[in-house]
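User: Hi! Could you walk me through this one? I'd like to hear about the domain annotation and then the pockets.

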Amino acid sequence: MVPESEREKTVELKQTPLHTIHKEMGAKMVPFGGWDMPVQYTGIIQEHLATRSAAGLFDVSHMGEIFVTGKEDEVLSFLESVTCNTISSMKAGQVQYNAVVNEDGGLVDDITVYKFSDSKYMICSNASNYPAVTKHLEKYKKGTVTVVDDSKNWHQIALQGPKADEIFSKYLGKDLSSILYYHFEEMNWKGETIIVSRTGYTGEDGFEIYTSNTLGVTLWKDLLEIGKEFGLAPVGLGARDTLRLEAKYPLYGHELNAEWTPVESGINFIVKEKPSPYLGYDRIIADKKNGPKRKIVGIRLMEPGVLRENFPIFSSDGKEIGKSTSGTHSPSRKESLGLAILETEFTKNQTEVFVEIRGQKKLAKVETGAFIQGSVRNNR
């Protein structure tokens, strides 16, 4: 068997259009989901705190953009059949957090759905998953429905933080208050139609901006220049992970996977009953109605140590009850916190549990409330 380090060398990593610029800026690059991505520029803690206090700029053009079109009733019926949230409730200009489900009730991916009209939607999918999502959608489409993976033609930048609105409004020369949380607008900018959504993965206010690859590179440079006076910083994957953990946002491959239902995975709020069942419906709805045997919750370490993924977790009487799925030292709270999948009886707020770290069991407590209160106070 080829060692992991050797396998990584033989795999040709994809590069975003900003790859050269990241290296020129001194970013430390790492493999992520098949891409060569910046993990940090000046330091994870510094970039994290800049995003919480001012604003951070993220290259997320490794994400996927999949367009689903067709006759109004057929495209709606199709999307309802492969996702667990209610598509029919969406209005044009709205973004919805959702999940593409498989036949067993697990997740193909968690996604955001953009509704342009009754006959046109866009799905934003995770970097390593969008080929699988496209293939899954292709398998179940019917009638006039078309599924097009157009990811190579789109560039995506995320501008996040309490000063994001001020920075981007100044850059565009327009008031962006009309774009509500989890909504988007198409606007003309520098000769092309771009998509600007008030969404993100940090718990802060901000935007995800979709453009052509060429304009995306220009936008990155311009925003960093105009954002200097506001404290805007480029941010890598390291701080992106600590930010999303503080906001309790799940990550595919950690809190989300092909085996666990959305209810087990902690995104129960997007699971809806529908007149026509979607894939895995019976299992997912049974979990919703009866409660799952296990589920994702937040945990906070009460003793010195740092939470990481896949640490075994025990009850006070020594029974193994689950494992950590993500963990970090929180730059905002200055303590170790994370997410874990635990047997449901141990998921009440402030329940004491023990995390095994390097052979030692460390006291932790379940924390069901928010880890942080960012400039976006209502999670998806």
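User: Where does UniProt put the "GCVT N-terminal" domain?

Analyst: The unreviewed UniProt entry places that domain at residues 18-272. Keep in mind that this is a predicted model.

User: How far apart are the ends of residues 18-272, and what's the helix and strand share?

Analyst: The end C-alpha atoms are 39 Å apart. The span is 28% helix and 31% strand.

User: Switching to pockets, what's the volume of the largest pocket?

Analyst: Its volume is about 1000 Å³. The lining has 47 residues, and F32, Y201, D241, R244 and L251 are the closest to the centre.

User: Which helix gives the most to that lining?

Analyst: Helix 8, with six residues. Other elements supply at least two residues each, including strand 1 (28-32), helix 3 (44-53) and strand 16 (320-330).

User: And how does the lining of the largest pocket split by class?

Analyst: You get 21 nonpolar, 18 polar and eight charged residues.

User: Nice. What about the second largest pocket?

Analyst: That pocket has a volume of about 590 Å³. Of its 27 lining residues, K248, G266, I267, F269 and I296 are the closest to the centre. Helix 9 (281-290) and strand 14 (294-301) each give two or more residues to the lining, and strand 14 gives the most, with four. By class, the lining has 11 nonpolar, 10 polar and six charged residues.

User: Last one: which residues does I226 touch, leaving aside its neighbours within four places in sequence?

Analyst: I226 is in contact with I167, K170 and Y171. I226 itself lies in helix 7 (residues 213-226).

Technical notes
Residues numbered from 1 in each chain as written. Predicted model: local features only at pLDDT ≥ 70, side-chain atom pairs only at ≥ 80, totals over all residues. Heavy atoms only, no water. UniProt positions renumbered as here; feature names shortened; annotations may be inferred. Contact = heavy atoms within 4.5 Å. 1 Å grid on protein atoms, 1.4 Å probe; cavity = no way out; pocket = protein on both sides within 12 Å on 5 of 7 lines; lining within 4 Å. Points joined across faces, edges and corners; volume = space filled by probe spheres on them. Nonpolar A, V, L, I, M, F, W, Y, C, P; charged D, E, K, R; others polar.
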